[in-house]
Structure formats: structure tokens, C-alpha cells
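Hi,

Here is the structure I promised to pass along. Have a look at it first, and then read on for what turned up in it.

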Amino acid sequence: MKKKSLCIILIIALLTAIFPMTIFADAENKIVKEETAITDDGYTIKVVETTNYVNTEVFDPNGNFVDATKLDLKSGQVTFTQSDGTVELSRFDDYVEEVTLSIPEEHISKAIEENSLNQGQNSLVEKKISDVTIQALVNEPVTDDGLVDSVYGDGYKFLGSSGVWYFDDLGYLFRKIGSMTKHESHQFTFTAGTAVSTILSIIVGAFTGGAWSTVVITSLLITGSGALIDYFRGTFDYRTYNYLYKVRVKTQTSFETYRNISYWVSYSDATATLRFKQKNFNHGFSPANSEMVKAGIDKYMVANP
């Protein structure tokens, strides 16, 4: 029995001597996400996020290696490697800090002259069906920035109006943000010239469970090939909006529905602007707003034959 135990110990010792312990450690390392993005000017960005590290590689339009950044998620060490073999070391904490910026959830609405006629409160005698108020019916904003208050005093904002060929009056669409839930948020500082690979490794590494998309980060932040052009200090987060809608026909509310949508968001303290990119359409009324108005008109016609 002693000889058998001694034999097992010798085998383990032999395996440890032949194979470095890093191999055994890597066996516990699992890939969370692998993504590839191509910038407008042809650069290819490859990001691999694992449970232990985030590694980002950048290649030029000809496929040549530009640089790479590896973030060790356990130690916080950032290793930046250039095509000529030059290696620079930094720390995760050099780029990420506690969120302290005061981020405006909504901007002050722009002054847009509106009147009760445009929102359907007054009579529409002799009003042509082609005279529709588009406003934000097609390009609906994420926040209430630029939208005017409903003339009905119900807390909603006016989106616009449209009609159908088989009914003489228009339908008027209104929206209210029922709730907004902000999820994980981090504040970053990147100086001018910071490599794209470093930016992506840091941001991806800061969020848990593969929450952020490489394509989204490049679209929200990176504007030049190979490096960030401008200094950036701001936050990245993702949030969910629950929108409430109502359609009025001849002042009557004929149809109500909702949409629940999540967005990736970046905020720059230099420009005090929010930039949004849709993450998920979670549930709710999925067709276009014009279809929502049509549903309101149809229901009005059924209720008022």
C-alpha cells in the first residue's frame, strides 16, 4: 500500500515537472465571448473575453498586425504590445474610476412651438389628410429631449400624427417614459492617442458577463483608425426604458400600449452629451409607430360606428 501511494506521488511530481502549472490553471479559464468588428476604414478588431483576461488585437486593412492589449482580470495588469515588439505596461485603475459624474437623465426640451390644432384638440374641418405632423413619429428619440408636452395635461409628450385612407380624421400619438432602470455603470478616462485595443480591453473587462459589444463600443466612442482621436472622460452603462403610448382620435384615447427597450449608453463630460445604441427590444408593441396610430384609428372606428 505504501509503495502504491509513493508511486502516485512520484507520478504527480513528474507531471508537474513536465507540464508548467500555468497549463493546469488555463484549464479553468473559460471563454465568455469572442467578437470581431470592422471599422469604417477597414481595420479589423478581434476581442476575446475569458474568465481570466480580455485580449484585443487590431489589424490594418491589409491584415497586418497593428497592436494588442491584454488585460489580466485578476491582477489588473494591462499589457500593450505594438507591431515592432515594444511592450508597455499599465494598470486597469489608470483608466477606470468610481462613477462621480452627474449625468443628466433628460435634457431640457427644446422650444418647439405647438398648438392644440396640431395635437387634434380643435376641429379638423377642411384639414387635408396629407397635412400630417411627422415630428418624432418616424425618428422617435430615446429621451424626451425635443418633444413638447401634450396639450391634454396628462404627462405625455407629443410624437406626431398620421392617418389612413379610409378615415377622414388623423390619429395623434403620445408617449411617456414610465420608468428607466440603469444597470451596470463605469467611468473611464482615455487620453488622446490611446490605442483602440487598450480602450476595448478596458471597457469590456470592466463590465461583467460579456455585457458590452465590441461593435457598440467602436460606434459610440472610437472615431479614428487605430486610436481614439480626442480625450475622453465619461461613463458607459446600459439602461432599460419602459415607454407608455396612447393614441387619440378626436381627442378620445382609443388605444394604449407600451414598449420595453434596452440601450447601451455613453456619456462624455466634455460635450455633456448622451449617445445611445439599442441593445435589446425586450417586449411590447413591435410594429412601427404608424401602425400604432392605425390601431388607434381602427379601435376608434369600432367604438364609434
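A residue is called buried here when its relative accessible area is under 20%, exposed when that value is over 50%, and partly exposed in between. By that cut-off, buried residues make up 43% of the 305 residues in the protein chain. Please keep in mind that this is a predicted model.

The average pLDDT of the protein chain is 79, and 75% of the residues score at least 70.

**Overall make-up**

The protein chain contains five helices and 13 strands. Of its contacts with a separation of 6 or more, 59% are between residues 24 or more positions apart.

**The six-stranded sheet**

In what order do the strands of the open sheet run? The order is β1-β2-β3-β4-β5-β6, with antiparallel pairing. At the edges are β1 (31–38) and β6 (87–91), each of which pairs on one side only. On average, neighbouring strands in this sheet are turned by 10 degrees against each other, direction ignored.

On one side, β3 pairs with β2 in the antiparallel sense over six bridges, and the two form a hairpin with two residues between them. V47 stands opposite T56 of β3 in this pairing. β3 also pairs with β4 (residues 65–72), again in the antiparallel sense, over seven bridges. Here T56 stands opposite T69, while N55 stands opposite K70. The hairpin of β3 and β4 has five residues between the strands, and G63 in the turn has a positive phi of about 90 degrees. β3 is mostly covered, with five of its seven residues buried.

A helix joins the picture as well: α3 packs on the sheet and touches β2, β3, β4 and β5 (77–82). The direction of α3 makes about 155 degrees with that of β3.

**The nonpolar cores**

The largest nonpolar core has 29 residues. Those with the most contacts inside it are F188, F190, I202, I203, F207, W212 and F236. Two or more residues each come from β2 (44–50), β3 (53–59), β10 (171–190), α3 (196–206), α4 (214–220) and β11 (232–249). Which of these elements gives the most to the core? That is α3, with seven residues.

W212 is worth a click. Leaving aside neighbours within four places in sequence, W212 is in contact with K33, E35, F207, I217, L220, F236, D237, Y238, W264 and V265. There is also a second, separate core of 26 residues, which includes F167, Y243, V265 and L274.

**Y95, a buried loop residue**

Y95 lies in the loop between β6 and β7 (96–97). Is this residue buried or exposed? Its relative accessible area is 16%, so Y95 counts as buried. Leaving aside neighbours within four places in sequence, the contacts of Y95 are V78, S90, Q187, F188, T189, F190, T198 and I202. Among these, T189 is 94 residues away in sequence, yet the C-alpha atoms of Y95 and T189 are 5.1 Å apart in space.

**Two positive phi values in one loop**

Finally, please look at the loop between β11 and β12 (252–268), where K250 is placed. Phi of K250 is near 50 degrees, a positive value in a residue other than glycine. T251 lies in the loop between β11 and β12 too, and has a positive phi of about 75 degrees although it is not a glycine. How do these two residues stand in terms of accessible area? K250 has a relative accessible area of 40%, so it counts as partly exposed. T251 is partly exposed as well, with a relative accessible area of 32%.

Key:
Residues are numbered from 1 along each chain as its sequence is written. This is a predicted model: local features need pLDDT of at least 70, side-chain atom pairs count only at pLDDT 80 or more; totals for chains, interfaces and linings use all residues. Side-chain values use heavy atoms; hydrogens and water are left out. pLDDT is the predictor's confidence in each residue, from 0 to 100. A nonpolar core is a set of buried Ala, Val, Leu, Ile, Met, Phe, Trp, Tyr and Cys residues joined through side-chain atoms within 4.5 Å. Buried means under 20% relative accessible area, exposed over 50%, partly exposed in between (1.4 Å probe, protein chains only). Helices (H or I, at least four residues) and strands (E, at least two) are DSSP runs, numbered from the N terminus. Contact means heavy atoms within 4.5 Å. Two strands pair if DSSP finds at least two bridges between them. Axes are lines fitted to C-alpha atoms, for helices over the stretch in contact, and angles run from 0 to 180 degrees between N-to-C directions.
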